[in-house]
Amino acid sequence: MSKQKVKIKADAVYYRQLNEQIRKSIADGATEIELTGVNGQRYIGDGLHDRVKIIMDGVPGNDVAAFMNGPTIVIKNNSQDGTGNTMNDGKVVIHGHAGDVLGYGMRGGKLHILGDVGYRVGIHMKSYKDKVPTIIAGGKAGDFFGEYMACGNLILLGLNNTADEPLIGNYTGTGMHGGVIYIRGEVEAHQLGAEVGVKELDAEDHKRLKPLLEEYCADFGLELDKVMDKPFIKLIPISHRPYGRLYAY
Amino acid sequence: MLKNTTPPEFKVKIDYQRCRRCKRCLQNCSFGVYSFADRVVPDHSKCVACQRCVGYCPESAIEVIPNPAAFKYSSNWTPEHRKNIWKQSEQGGMLLAGMGCDLPYPILFDSMLLDACQVTNPSIDPLREPMELRTYLGRKPDSLQVETTKDGKLKSKTHIEQQIKLEVPIIFAPMSYGAVSLNTHKALMMAAKEVGTVMNTGEGGLHKDLYAYGDNIIVQVASGRFGVHAEYLNAGVAVDIKIGQGAKPGIGGHLPGEKIGMEISKTRMIPIGSDALSPAPHHDIYSIEDLRQLIYAIKEATNYKPVSVKIAAVHNVASIASGIVRAGADIVYLDGFRGGTGAAPTVIRNHVGIPIELALAAVDDRLRQEGIRNQASIIAAGSIRSSADAAKAIALGADAVAIGTAALVALGCRVCQMCYTGKCAWGICTQKPELTARLDPEEGAERLTNLLRAWALEIKEMLGSLGVNAIESFRGSRERLRGVGLDKQTLDILGIKPAGR
């Protein structure tokens, strides 16, 4: 049995070998893995299901935590596209910005991003039984935020966002038919997909938001009061069946 | 809703002299045709000619005939066009259709004939000579180096990627649990296991009870990612990424909330009653590079199981297939425009895509020209109706064929094409418990096993007459095909000579 905390040097190691080393370490009993020198390797954490923690200093490649089912991954840097692709459970904490298509079809677990996120974040998010996925992005977001969203929580904070830059792109919530998007700030009507409506938060929403944001703030050492010092809006689908009356029988 | 003015498509004729009023027709009809008022009374407008009542009437007292309602003749304004316009002017929606395209486009399989040996080149008698139908799907190395081990046996020095072993070159096409019933899935899996082939789950996940059949399953990943998780990806022998479907190229899937009951909910991992939307594109795939990213994400999650990519046969299919192989796929699954569906807009089903025969020939050609044909196997689908279609497809270059509709027909489907209503009287394309109970999975598996056994015998017979003793030697043997009544360009694309040359 090797020690529970292990270090793996990722410098110039191809992703296939790196991921093999990670899987081997876990099989050998590692519960915490520190990756140094990560530089664009793809698929870190792909398909892992053990309760392991992976911490890395560099910038990983696409599809971190794809199909992941339990582990916690801490990225002390930026993350690229596809993070949390079809993730089932676990958590990814990103101390920088993150790329496009985060949390595609995500069914459970959490993605916490301190900075900005790209296009098509949180699309096709689902939930199942006790599994309800949550994505929280601290900065701003690109187009198609929450597209085709079916379930889960998608939260955009716009911390440090200046008034002259848009908080979010266009087509927000296009095709959304479930779940909820919370945005700290305002969104203009032209930025929204046809399937979503803007609502004010009620007591239930605050009850739901608070523990999620507490955990988020704890991950990054932020103060909850400062996050809550600006009002949120809520986006929910106007209809659960946006695609009715399409067919003739 | 406006008044329905469309004349019924069929007439239900009841022979009241024979009818004993047992009401079995009332029980069996899932489309609500029958009512009882002293005697059985049919509502012709609801009949879809699924033949369930006809088959189950103990007195053979029921006959379903096309409605002879007189439409003024026009070869241009066919009754079909008129009826569709009436329907749409009443309801204002897209027409839906089930199964494959039913328009009379030319069927090229029916214009191709196989060769046989005579006098100078001996044929083989499959009854007394070994005849090999075993096929391996997956990436093959560019070359093979062999070494002799200490005990004198030969061993490959070249690394060979994981392969799927098929005892017959016929697999069951992807049909999701949700589109078809659980009993249908069970029958397909049991038959696949019995025969030594595989079935593809379709995009609706894999029911917990069926994980035991893993050695005979290809699991599918589509844009909705329903029921997709690491355990599911590892449940079968390969993973199929669904990009497109022959019946509806460029069109997504939509399982309405009404069909998401308890078991479907568990398998797709979405709440009961919610719509299951699988949009046409995977929203993370916009390029061959993006496709490669998903292929390798799946390979990493499955310890490098073969990954198949399924596309609809469209105009530019050859270069798309080349990209798919270069993206790292081990199998390219081509679905011709006549392929089946549980539900598709009729206009798409009937007017989009190209025939599998041409797509297959074009893809096989392109991959050969580029020297990458060995890197992936080709599965051809999109209306393989008989062992002859299967043999011709293999001669055109397929490694194996997939059958969907043919398998359902074996299970009792009458091709009434009402799959999208969810009322299938034969218990196949429905989730209603009283209907799904009509399909006994054990009996269904036996019928499917019989079908594949019969087709295997016929393929062996054809191979024997060609003087070939292994299906893998026959693959791509276009020299053994001839076209009848085909124009020069079609012959050129198919890569075959006209009969007589």
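Buried residues, a helix and a shared sheet

The buried residues of helix 10 of chain B are B:Ile356, B:Glu357, B:Leu358, B:Ala359, B:Leu360, B:Ala361, B:Val363, B:Asp364 and B:Leu367. This is a predicted model, in which local features need pLDDT of at least 70, side-chain atom pairs count only at pLDDT 80 or more, and totals for chains, interfaces and linings use all residues. Residues are numbered from 1 along each chain as its sequence is written, chains are lettered from A and ligands numbered from 1 in the order in which they are written, and side-chain values use heavy atoms, with hydrogens and water left out.

Me: Why does A:Gly96 count as buried?
Reply: Buried means under 20% relative accessible area, exposed over 50% and partly exposed in between, with a 1.4 Å probe and protein chains only. A:Gly96 has 10% relative accessibility, so A:Gly96 counts as buried.

Me: What span should helix 10 of chain B have?
Reply: Helices are DSSP runs of H or I with at least four residues, strands are runs of E with at least two, and both are numbered from the N terminus. The expected span is 1.5 Å times one less than the number of residues. For the 14 residues of helix 10 (residues 356-369) of chain B this gives 20 Å, and the end C-alpha atoms are 20 Å apart, which agrees.

Me: What makes strand 12 of chain A and strand 5 of chain B a pair?
Reply: Two strands pair if DSSP finds at least two bridges between them. Strand 12 of chain A and strand 5 (residues 94-97) of chain B have two bridges, in the parallel sense. In strand 5 of chain B, B:Met94 is the bridge partner of A:Tyr247.
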